[in-house]
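Here is a short briefing to read beside the model. Take a look at the structure first, and then we can walk through a few of its features together.

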Amino acid sequence: MAANQTSIDTDVERQLEAPMHFIGLYVAAASLLCTLAMAADASHGFWRKRHWFPSRHFALNATSLTLLAVAMKLPMDLTTRMYAVTDRLAKVSSLAFMSTATANFLPSLGSMRDNDVFMNVVALAILVVTVTINVAIQVYQIHSYLNARVAFPEEILAIGSMLFLLVLFASTALMIPPTKRYLEKKYHEMHTIASKEEQDDKGRMCNDKLRVLIKKYWVMAETSSPQFVIVRSVTCTTSGVVSMIVALVLLEAELRMSTQVNILDQSISSYAWSTKWILISQTIGVIVGTVAPASRWFNAVKCRSKIEGSKSIKGVFTVEGYWTQKLVEWRQSSLSFQIRHLVSRKLLHHLRGMFLKLCISIQCVIVLASKLLLLISVYIISPIISCISYVRRLKRQTGICHSVSEPTAQAELDIGPYVMLLEGEQKLSEETVEYILNEVDSVIQKGKKRKPANLSKFLNKSCNFNGVAEFDSHQIPSLHPEEVAPYCWSLPIVTLTSIALALPNVEKHKSEQLMKSVTEGISYVKLIDTILDKKDGLENIRTAADVVWVEVELYHRWQDKDLQETSLEGKNGAEILRQLGDRAEKTVVEFERDERDYLMREPLNWPANVIAAYSMYRISRTILLTQSEKTDDELFEHMSVMIADVLTACLTNLGHVITVTCRRNAIEEREKSVRKAALLLGETEDIIAHLRQRELPLSAPDRGASVQEWRALIDNANNINRDFSSKTEIETGTSKCREAIVDIKVE
């Protein structure tokens, strides 16, 4: 009976272990995904010449932690027998892989909100501690056989490195909130200075001034980027050293074992041949993942090597306030929970104070040790850096004649005051600042390659801005008793385009050219609408315009009505205008008749299709009222000019939008915002230069933010011109009468 039970147990165990090699492949695949993400970050850093390697793809989040948890399957496996060389090296490579991943995670803390930083650090700590405890249990349970345990010293070193990196991780996380507050204050101070300089430049800003403005905000955003600040910290530099040590330990173990046996073919565990793939994928991951931390360390050493030795030594024995500020705030604050008993409350407050005092001391030790390690690295690596710098200087001297103009242009801009540095932080190297400035130039150049050629040509149709006032006449009766909802810039443009495309007897290439031009311009119009609508009062209007444009652009339809079929139904353009107006009027009237919701009495709350219909009603009736006698081709040309007028008026806000885009967003997103502004300038600099030559009916650059302001200004200007013309005619008639009286008297 016992023999049968043993046989059954053996069969069950064999069945359970049968899919283990597939689980091993799953572990290898998870490791490979992490490796690809780290490789993407490294290649992006080299490609963009951002040698501080921001964490874009391999950041600390739920996805990456889940993949890492899968990759740690072998160290957390307590039951599977793994004593062969391949199995043991795979376990060591998993621990080294975890250490490397932690070092790569470090900059990504800067992209998180304060609460997210805490949650993610705790999640990472749980994973690291769980792995450590599992390895400790294995070591304790088989301590009698440690002499035969392959690569045991390397395993202990990998565990120690992993725990030390976790401590560095927590130390860096404590530094982030105070540095963000400090840099935010400093950013606003420099923003105030930059704003005053803008106010000194009256009128619309030219491209050169916009370029200078973008460079200032680019340098501020780049140097105050939380990820870049973390990379410049000494704890991040130390993580690079630890990462290199871990990689060397793993490679040493593999090379030492490879001289004795074939390390890829010595597995006796249930994972079978899949262990080999885990070892390969994680070894590659360790090598690839060490590139970014090691490069950060080398760049920090290279930067510090240019500083005088006395200054470097003096800085080693200084712990800046932002390292311990968060712990000091916690220590000085009251307890977060209520305890009625005074003695207990005092005791808890005292115990918490003692614990936080210990944490402050540990934090200071970590910072001082990291600074000392950096100083030692500087003295060791400085001779190598000096040789490399000497070779580079020789190369620059040979090609100096080819690079005179660009440095001169950069030197004219005093960018130093806009570099955001922390308390006690050394100045950035000239090479780093040059890379930052060159990057913004490359973004602008990228925008130049995407210039809207069709739009630029189409804007030449606009000779004045009369189309802004003429597309909607006050003579058209309102369909709503209260004040009509205002226009956003995009709604009249898409409505006029819909009407133009529905006109019959128009050459196809003209319609296609209009469509291309408006398609290129509508993206800028939407951006202007979004940014300049400060109170989001026109959100429903913008939504209506977007809904209309999707139908027009993709399907050539307006509210399920095919525009090409419409052009075939009417005999001429006037009939088409009448049909579109009647259809739109019917939609609005039926909605007002059937709707009982109190909120819908306000036109701003109408559904998108009703807002679009009301716009179509007013614009089609206006054109029918003023232009009904024109031929279809003349009507199409007139509407094209009207669209060009509205587009031109809208795009006069581009300089203001670029300026606003530079300033907006939180500190974590500021870099992306300035990048968008630089790209926008590159795309539209020809348009901005063209519009700068136009005379605007505006008293200030920011007066033309909305369609309503433009229409009011043009109406006022037209009224003044009419009054002036009438006055001139009266004066002319009076003078003629006087001349006639004089002639009579003379006779």
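Is Leu351 buried, partly exposed or exposed? At 44% relative accessibility, Leu351 counts as partly exposed, where buried means under 20% relative accessible area, exposed over 50%, and partly exposed in between (1.4 Å probe, protein chains only). This is a predicted model, in which local features need pLDDT of at least 70 and side-chain atom pairs count only at pLDDT 80 or more, while totals for chains, interfaces and linings use all residues. Residues are numbered from 1 along each chain as its sequence is written, and side-chain values use heavy atoms, with hydrogens and water left out.

**Surface patch**
- Leu351 sits in helix α13 (residues 342-398); helices (H or I, at least four residues) and strands (E, at least two) are DSSP runs, numbered from the N terminus.
- Together with Phe337, Leu347, Leu348 and Met354, Leu351 forms a nonpolar patch on the surface, with about 480 Å² of accessible area in total.

**The largest cavity**
- The structure has 4 cavities of 30 Å³ or more; a cavity is a set of points on a 1 Å grid over the protein atoms alone where a 1.4 Å probe fits but cannot get out, and its lining residues have an atom within 4 Å of a point.
- The largest cavity holds about 520 Å³ of space, the volume being the space filled by probe spheres set on the points, which are joined across faces, edges and corners.
- Its lining counts 28 residues, and Phe228, Asn299, Cys303, Leu428 and Thr432 are the ones nearest the centre.
- At least two lining residues come from each of α8 (226-232), α10 (274-304) and α15 (430-448), with α10 giving the largest share, 6 residues.
- By class, this lining has 9 nonpolar, 7 polar and 12 charged residues.

**Positive phi angles**
- Most residues other than glycine have a negative phi.
- Phe53 has a positive phi near 50°; Phe53 lies in the loop between α2 (20-47) and α3 (62-71) and is buried because its relative accessibility is 1%.
- His556 also has a positive phi, of about 55°, without being a glycine; His556 is in the loop between α20 (539-555) and β1 (557-558) and is partly exposed, with a relative accessible area of 27%.

**Around Thr530**
- Thr530 belongs to helix α19 (residues 508-532) and is partly exposed, at a relative accessible area of 42%.
- Thr530 and Arg542 are 12 residues apart in sequence, and their C-alpha atoms are 8.2 Å apart in space.

Key
Patch = residues over 30% accessible without salt bridge, like charges linked within 9 Å, V, L, I, M, F, W, Y side chains within 5 Å. Areas by Shrake-Rupley, 256 points an atom, 1.4 Å probe, with all protein chains shown as cover. Salt bridge = Lys/Arg side-chain N within 4 Å of Asp/Glu carboxyl O. 1 Å grid on protein atoms, 1.4 Å probe; cavity = no way out; pocket = protein on both sides within 12 Å on 5 of 7 lines; lining within 4 Å. Nonpolar A, V, L, I, M, F, W, Y, C, P; charged D, E, K, R; others polar.
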